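Have a look at the protein below. Find its charged side chains and follow how they pair.

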Amino acid sequence: MASCTFFGHKDSPREIETMILSTLIDLIENRQVDTFYVGNNGNYDAMVIKKLKVLMQIYPQLQCTVVLAYLPKNDGEESFYRGLDTLYPEECGKAPRKFAIDRRNHWMLARSEYVVTYVERGGGAFKFKNIALKAGKNVVELSEE
């Protein structure tokens with residue numbers, strides 16, 4: 001079995017949800033991916049989590065872990081991933097706040113064979129897509145084109 005993580009812009013458009021779903025189904029059915037590590041920052045992560053929650057009803061062998069860069073505040077921010085396993089890597093707690101997402105992304109990348117990206121410009125998603133490519137990960141790039 002294999003694992004997968006995700007890097008995309010926090011303001012990713014809702015129009016990519018269909019691509020996310022079809023990519024997830026392909027990973028599960030054709031590439032034997034059963035473990036998913038997802039962040040919790042922005043639209044892209046929320047869309048991935050939404051689709052994984054649906055697929056976990058169809059494919060009960062799936063494991064989805066929301067990997068936190070920060071401990072959640074008590075303001076309901078965790079509502080979109082409620083019911084899923086969460087993990088707070090030790091290296092995130094030791095990092096200055098401005099580096100926590102970077103540390104979390106490295107943690108997820110180190111544990112994944114597959115990486116699904118949505119990158120339309122520079123930034124963190126662009127950076128981690130390139131790190132994944134250089135590390136020889138299986139990178140699946142989503143695009144609106």
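## A bridge from strand to helix

Glu-141 is partly exposed, with a relative accessible area of 48%. Partly exposed is the range between buried (under 20% relative accessible area) and exposed (over 50%), with a 1.4 Å probe and protein chains only. The side chain of Glu-141 meets that of Lys-129 in a salt bridge, 3.1 Å from N to O. This pair links distant parts of the chain: Glu-141 sits in strand E6 (residues 138-142) and Lys-129 in helix H5, 12 residues apart. Lys-129 is buried, with a relative accessible area of 13%.

A salt bridge here is a side-chain nitrogen of Lys or Arg within 4 Å of a carboxyl oxygen of Asp or Glu. Side chains of opposite charge can pair when their charged atoms come close.

## Source of the model

This is a predicted model: local features need pLDDT of at least 70, side-chain atom pairs count only at pLDDT 80 or more, and totals for chains, interfaces and linings use all residues. Residues are numbered from 1 along each chain as its sequence is written, and side-chain values use heavy atoms, leaving out hydrogens and water.

Asp-11 lies in the loop between strand E1 (2-8) and helix H1 (17-30), while Arg-121 lies in the loop between strand E5 (114-118) and helix H5 (124-134), 110 residues apart. Asp-11 is partly exposed at 47%. Arg-121 is partly exposed at 44%.

Lys-94 and Glu-90 form another salt bridge, at 2.7 Å from N to O. Both lie in helix H3 (residues 90-94), four residues apart, about one turn of the helix. Glu-17, Lys-50 and Lys-51 are linked in a network of salt bridges.

## The whole chain

The protein chain has five helices and six strands. These are DSSP runs, numbered from the N terminus: helices (H or I) have at least four residues, strands (E) at least two. Their order from the N terminus is β-α-β-α-β-β-α-α-β-α-β.

The C-alpha trace spans about 40 × 35 × 30 Å along its principal axes. Of the 145 residues, 44% count as buried.
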